Amino acid sequence: VNPAGTNGTRFLLVTVGLEVASPEAQKELEVKEIQVRDALNTILCTKTLEELANVEHREELRTQIAARVGEILKTGSPTNVYFSKFIIQ
């Protein structure tokens with residue numbers, strides 16, 4: 001995604017892993033993958049470079065992602081959000 005305020009000159013490449021508590025929630029997560037990806041894009045593209053680069057803001061970002069995905073899923077919210085790749089260029 002392109003971070004807010006960069007006019008397309010910078011980008012964020014991120015891999016997000018979501019942990020859920022039940023097999024039912026995992027199945028629903030797989031079925032609603034497109035909605036979840038859209039929600040992640042919406043959240044990430046509203047953040048500025050400064051917010052994304054600041055490691056202290058990552059916990060807040062995890063909380064926002066878990067809350068938004070929890071709104072999409074009917075069988076449970078994510079118990080953990082992981083960033084296995086987080087590249088800003």
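Student: How many nonpolar, polar and charged residues are in the lining of the largest pocket?

Tutor: Ala, Val, Leu, Ile, Met, Phe, Trp, Tyr, Cys and Pro count as nonpolar, Asp, Glu, Lys and Arg as charged, and the others, Gly among them, as polar. Here the lining has 10 nonpolar, three polar and two charged residues. A pocket is an open set of points on a 1 Å grid over the protein atoms alone, where a 1.4 Å probe fits, with protein on both sides within 12 Å along at least five of seven lines; lining residues have an atom within 4 Å of a point.

Student: What am I looking at?

Tutor: This is a predicted model, in which local features need pLDDT of at least 70 and side-chain atom pairs count only at pLDDT 80 or more, while totals for chains, interfaces and linings use all residues. Residues are numbered from 1 along each chain as its sequence is written, and side-chain values use heavy atoms, with hydrogens and water left out.

Student: Which residues lie nearest the centre of the largest pocket?

Tutor: V14, V16, V36, R37 and L40 do, out of 15 lining residues. Strand 1, helix 1 and helix 2 each supply at least two residues of that lining.

Student: How many helices and strands does the protein have?

Tutor: Helices (H or I, at least four residues) and strands (E, at least two) are DSSP runs, numbered from the N terminus. This protein has four helices and two strands. Along the sequence the pattern is β-α-α-α-α-β. The C-alpha atoms fill a box of roughly 40 × 25 × 20 Å along the principal axes.

Student: What share of the residues counts as buried?

Tutor: Buried means under 20% relative accessible area, exposed over 50%, and partly exposed in between, with a 1.4 Å probe and protein chains only. Of the 89 residues, 34% count as buried.

Student: Is N7 buried or exposed?

Tutor: N7 is exposed, because its relative accessibility is 76%. N7 sits in the segment before strand 1. Its phi is positive, about 50°, although N7 is not a glycine. Q26, in helix 1, counts as partly exposed because its relative accessibility is 32%.

Student: What is L29 in contact with?

Tutor: Contact means heavy atoms within 4.5 Å. Leaving aside neighbours within four places in sequence, L29 is in contact with L18, V20, V36, V69 and L73.

Student: Where does P78 lie?

Tutor: P78 is in the loop between helix 4 and strand 2. It counts as buried, because its relative accessibility is 9%. Residues up to four places away aside, P78 touches L18, E19, V20, A66, V69 and G70. P78 and L18 are 60 residues apart along the chain, and their C-alpha atoms are separated by 6.1 Å.

Student: What does V14 touch?

Tutor: V14 is in strand 1. Not counting residues up to four places away in sequence, V14 touches L44, F83, K85 and F86. V14 and L73 are 59 residues apart in sequence and 21 Å apart in space, C-alpha to C-alpha.

Student: How many contacts join residues at least 24 apart?

Tutor: Among contacts between residues at least 6 apart in sequence, 71% do.
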